[in-house]
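Subject: Structure handover and notes

Hello,

Here is the structure you will be taking over. My notes come after it.

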Amino acid sequence: MDFSSITVLCIGDVMLDRFVYGEMERISPEAPVPVLRLGRTREMPGGVGNVANNILSLGGRAILIGLVGRDAPGAALRALLSARPGLTDALVDTDARPTICKTRFIAANQQVVRADEESRLPVQEPEVHALIAAIDAHIDAATIVVLSDYAKGACADPVIRHAIARAGARSVPVFVDPKSRDFSRYRGAACITPNARELAQATGLPVDSDAEIEQAAHAAMMQADARAILATRSEKGMALVERDGAAQTVPARAREVFDVSGAGDTVIATLALAAGSGMTLAQAMHVANAAAGVVVGKLGTATADIAEVLAELDAQDHAHAGGAPVLLSREQAAEQVARWKAQGLRVGFTNGCFDLLHPGHVGLLAAARAACDRLIVALNTDASVTRLKGPERPVNTLRDRATVMTAIRHVDAVVAFDEDTPLDLIRLLLPDVLVKGADYRPDQVMGADVVQAAGGRLLLARLEDGQSTTRTLGRIRAAGTAGTRDQ
């Protein structure tokens, strides 16, 4: 899939997403609330800005139109946008409202609280005129248009009507992520992408079964004079209902959902790119479903890059065929790490046999993921495990261990190494954070000097007492011996 020739005009409510990470260690003596000791802060474009971010991550180009205040969050947002090649900042400055800013406080990989800064003032006439002027200035460059309505003001009725009319005059499809219960506001859109709850609210119809989804989608299409409805259904996947075709569904791949923030942005961004590249809506739905599966496994407002989407599509194919996900090759792992770093993400690395996964392993992986933005796990091959642990190991093959590892929510990629140590792999990937258990001393960690010399750091994660594969195998053998004696 190559989306490099696709330019998406992204119109809607733009915001600054701020993530403040910290640690919860105690309850406040002043009130029954946790005390959060603050650490690092990350900022990224949110709302329609996250749609644009997803388009860039997938290899397309984006033009971003929305309202931004003349304030510090607005300046921070524009600085983030200016650093993204392929993105055209067509935001409209306004004195009538502040930049929308959502600050999420996170501890132990979970949101503790979210604080929103925004104005509920209705959109003003000068703002509408400025947004329409921005659309007119950029519509000729667009392959496809996305309207991302967060009900914050930018998607006012005159703006929506003008965008759809101007796009229609150029035969440019318009895709809409709706917030309003009145889908007639989006009249003339090519495709509207509500979730099941939004579809039910817009039509007043039940949406529990496939048949009910199809009936509600047809009602919504009539209301909006749209050509298609793509309904997202969380763990049930997606359903596409086109005006002149039968309903089609695609299931979600079974996986642990970590965070759904921004998943709708990923869906419409991927759908628009895929449709703009010439795919049918049914084909585009499969790609969008894979992209959504990637981002829900990540914490925070996340994006999916094209390699992750292709890997997820491959994993879905293997899952349907009863097979296992494919390990990344060294070359693929190096390319993936380079892409993550190019996006400004901190990459963590840990390694091991991970033969019989136990709570100690999960705790190590959780600690590793908390220290980085993306975690890659390197598994010893079967031959390597045998050399290190003896002829009776591994208990589980590399394929089985990789299948289990890729299902862990803290893990973003898995690679294998056949040597006794991962030193060559560490030199190749140069992670920002190298993670081992606290039972090691810093001078005992293979590759620590390489990572630190490149500006990275070593993390020795605390381990749970009494947890090890050797002890687990001992308990299994003891139970088997006891069972034999009882007979």
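The notes below run from the whole chain down to single residues.

First, a caution: this is a predicted model.

Overall fold

The protein chain has 487 residues, and 50% of them are buried. Its secondary structure consists of 16 helices and 20 strands. Of the contacts in the chain with a separation of 6 or more, 70% are between residues 24 or more positions apart. The chain has an accessible surface of about 21200 Å², and carbon and sulfur atoms account for 52% of that surface.

Helix α8

Helix α8 covers residues 281-295, which is 15 residues. From first C-alpha to last, α8 reaches 21 Å, close to the 21 Å expected at 1.5 Å a residue. The rest of the structure largely encloses α8, because 13 of its 15 residues are buried.

Salt bridges

The search of the whole structure gave 26 salt bridges.

Asp373 and Arg42 form a salt bridge in which the closest N and O atoms are 3.4 Å apart. Asp373 sits in the loop between α11 (359-370) and β17 (374-380), while Arg42 belongs to strand β3 (residues 34-47), so this pair ties together parts that are 331 residues apart in sequence. Both Asp373 and Arg42 are buried.

Asp93 pairs with Arg78, and here the closest N and O atoms are 2.5 Å apart. Strand β7 (residues 92-94) holds Asp93 and helix α2 (residues 72-82) holds Arg78, so the parts tied together are 15 residues apart in sequence. Asp93 has 35% relative accessibility and therefore counts as partly exposed. Arg78 is partly exposed too, with a relative accessible area of 24%.

Asp149 forms a salt bridge with Arg185, with 3.1 Å between the closest N and O atoms. Each lies in a loop: Asp149 in the one between β10 (144-148) and α4 (157-169), Arg185 in the one between β11 (174-177) and β12 (191-192), so the pair ties together parts that are 36 residues apart in sequence. Asp149 and Arg185 are both buried.

The network of salt bridges links Glu23, Glu25 and Arg37.

Surface patch

Met24, Val112 and Val113 make a nonpolar surface patch of about 230 Å². Of these, Val112 lies in strand β9 (residues 110-117). Val112 counts as partly exposed because its relative accessibility is 35%.

Cysteines

How many disulfides does the chain have, if the sulfur atoms of a cysteine pair must lie within 2.5 Å? The count comes to 0 disulfides. The cut-off behind both calls is under 20% relative accessible area.

Backbone points to look at

The peptide bond from Arg393 to Pro394 is cis, and its omega is near 10°. Pro394 is in the loop between α12 (382-389) and α13 (398-406).

One is Asp225, with phi near 50°. Asp225 is in the loop between α6 (210-224) and β13 (228-232). Its relative accessible area is 39%, so Asp225 is partly exposed.

The other is Leu430, with phi near 45°. Leu430 is placed in the loop between α14 (423-429) and β19 (433-437). With a relative accessible area of 32%, Leu430 is partly exposed.

- the buried pair Asp373 and Arg42
- the buried pair Asp149 and Arg185
- the patch of Met24, Val112 and Val113
- the cis peptide bond from Arg393 to Pro394
- the positive phi of Asp225
- the positive phi of Leu430

Regards

Definitions and conventions: Residues numbered from 1 in each chain as written. Predicted model: local features only at pLDDT ≥ 70, side-chain atom pairs only at ≥ 80, totals over all residues. Heavy atoms only, no water. Patch = residues over 30% accessible without salt bridge, like charges linked within 9 Å, V, L, I, M, F, W, Y side chains within 5 Å. Areas by Shrake-Rupley, 256 points an atom, 1.4 Å probe, with all protein chains shown as cover. Salt bridge = Lys/Arg side-chain N within 4 Å of Asp/Glu carboxyl O. Helix = DSSP H or I, 4+ residues; strand = E, 2+ residues; numbered from the N terminus. Buried < 20%, exposed > 50% of the residue type's maximum accessible area, 1.4 Å probe, protein only. Expected span 1.5 Å × (residues − 1). Contact = heavy atoms within 4.5 Å. Disulfide = S-S within 2.5 Å.
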